[in-house]
Amino acid sequence: MLKLPICPYCHTVYSYKEVKLITKKEKEICYNCNKNFCISRKKGKYILLVIVSAVLILADTFIIFTSENFNNISLYSMLIVNMLVVFLTVLFFPFTVKFKKMPKHQKR
């Protein structure tokens with residue numbers, strides 16, 4: 001699931017930096033074969049966000065239950081863990097992008 005996208009025509013692998021630059025676009029031209037392809041990013045991001053939500057729930061639950069009493073819970077530790085997980089999630093967004101062949105009616 002999490003891998004960098006490739007051109008659907010010539011199978012050229014795009015780097016992390018290139019994917020971040022073209023993620024906002026709907027269409028792109030391959031720099032190797034000069035063919036148009038569509039950029040799909042929705043399905044992978046939703047799956048990643050569901051996984052991250054589950055991880056955050058488990059991490060917060062772990063922090064709450066490992067404190068000896070509920071008066072000893074550090075909200076700062078929970079905040080730091082949550083911010084770290086969200087930051088790592090944002091770094092993984094380019095790995096959820098997929099390149100697809102252009103539909104025949106849009107190739108022009």
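The largest pocket of this predicted model is lined by Tyr16, Lys20, Thr23, Lys24, Arg41, Lys45, Val90, Leu91, Phe93 and Pro94, and its volume is about 210 Å³. A pocket here is an open set of points on a 1 Å grid over the protein atoms alone, where a 1.4 Å probe fits and protein lies on both sides within 12 Å along at least five of seven lines, and a lining residue has an atom within 4 Å of a point. The volume is the space filled by probe spheres set on the points, which are joined across faces, edges and corners. The elements that give two or more residues to this lining are α1 and α3 (75-92), helices being DSSP runs of H or I with at least four residues and strands runs of E with at least two, numbered from the N terminus. By residue class, the lining divides into five nonpolar, one polar and four charged, where Ala, Val, Leu, Ile, Met, Phe, Trp, Tyr, Cys and Pro count as nonpolar, Asp, Glu, Lys and Arg as charged, and the others, Gly among them, as polar.

Residues are numbered from 1 along each chain as its sequence is written. Local features need pLDDT of at least 70 and side-chain atom pairs count only at pLDDT 80 or more, while totals for chains, interfaces and linings use all residues, and side-chain values use heavy atoms, with hydrogens and water left out.

A search of the whole structure finds six aromatic pairs, meaning rings of Phe, Tyr and Trp (its six-membered ring) with centres within 6.5 Å, counted as stacked when the planes are under 30 degrees apart, edge-to-face when over 60 and tilted for the rest. Two of these pairs are set out below.

| Pair | Centre distance | Plane angle | Type |
|---|---|---|---|
| Tyr14 and Tyr31 | 5.0 Å | 70° | edge-to-face |
| Phe37 and Phe99 | 4.5 Å | 35° | tilted |

Tyr14 lies in the segment before α1 (16-22) and Tyr31 in the loop between β1 (27-29) and β2 (36-40), so their pair ties together parts that are 17 residues apart in sequence. Phe37 in strand β2 and Phe99 in strand β3 (residues 98-101) are 62 residues apart. Ring pairs link Tyr14, Tyr31, Phe37 and Phe99 into a cluster. Tyr14 is buried at 3% relative accessible area, as are Phe37 and Phe99, whereas Tyr31 is partly exposed at 47%; buried means under 20%, exposed over 50% and partly exposed in between, with a 1.4 Å probe and protein chains only.

The structure holds zero disulfides, a disulfide being a pair of cysteine sulfur atoms within 2.5 Å. For Cys10, the nearest cysteine sulfur is that of Cys30, 3.6 Å away. Cys10 is partly exposed at 26%, whereas Cys30 is buried at 0%.
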